[in-house]
Amino acid sequence: MRRVYRVVWEAQQRALEAVRPGAPCGEIDRAARETIAAAGYGDYFLHRTGHGLGLQVHEPPYLVSGSEEPLEEGMVFSIEPGIYLPGRFGVRLEVIASVTAEGGRLLNAPSAPELPLAGGV
């Protein structure tokens with residue numbers, strides 16, 4: 001569990017680092033997806049990396065493979081990579097980010113870099 005959690009956290013960090021004005025949405029997805037695939041879990045990342053937030057629950061921009069839509073300053077979206085191991089467990093980490101001239105800016109608390117387990121399990 002700790003290893004999978006850490007891989008998902010690293011994927012989220014790579015996706016955040018890729019956020020900048022003009023970056024295609026698919027590039028953000030690719031940053032997360034390549035991190036997960038390099039760790040051997042590529043087949044277990046089953047959804048897009050994120051989606052826009054605003055008036056609807058899910059709206060553009062969609063951070064998904066193949067999307068050429070460019071990010072623009074002021075866009076707000078989730079970054080939520082995940083790994084789901086059938087019959088065992090899954091991990092999805094979600095943060096909300098906005099696009100600024102300097103890159104991505106978190107609008108909520110960052111994900112913990114290590115799996116927080118009660119009682120030192």
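Author: A compact globule of 121 residues would have a radius of gyration near 14 Å, and the chain, with 14 Å, agrees with this; the value is taken over C-alpha atoms, and the globule rule is 2.2 Å times the number of residues to the power 0.38. This is a predicted model, in which local features need pLDDT of at least 70 and side-chain atom pairs count only at pLDDT 80 or more, while totals for chains, interfaces and linings use all residues. Residues are numbered from 1 along each chain as its sequence is written, and side-chain values use heavy atoms, with hydrogens and water left out.

The chain holds two helices and seven strands, which are DSSP runs numbered from the N terminus (helices H or I, at least four residues; strands E, at least two). Of the 121 residues, 45% count as buried, that is, under 20% relative accessible area with a 1.4 Å probe, protein chains only.

The largest nonpolar core has 31 residues, and those with the most contacts inside it are I28, L71, F77, I79 and I83; such a core is a set of buried Ala, Val, Leu, Ile, Met, Phe, Trp, Tyr and Cys residues joined through side-chain atoms within 4.5 Å. The elements giving two or more residues to this core are α1 (2-18), α2 (25-38), β3 (76-79), β4 (82-85) and β6 (95-100), and α1 gives the most, with nine residues.

Leaving aside residues up to four places away in sequence, I83 touches V4, V7, V8, I36, Y41, Y44, F89, G90 and V91, where contact means heavy atoms within 4.5 Å.

Definitions and conventions. Buried means under 20% relative accessible area, exposed over 50%, partly exposed in between (1.4 Å probe, protein chains only).
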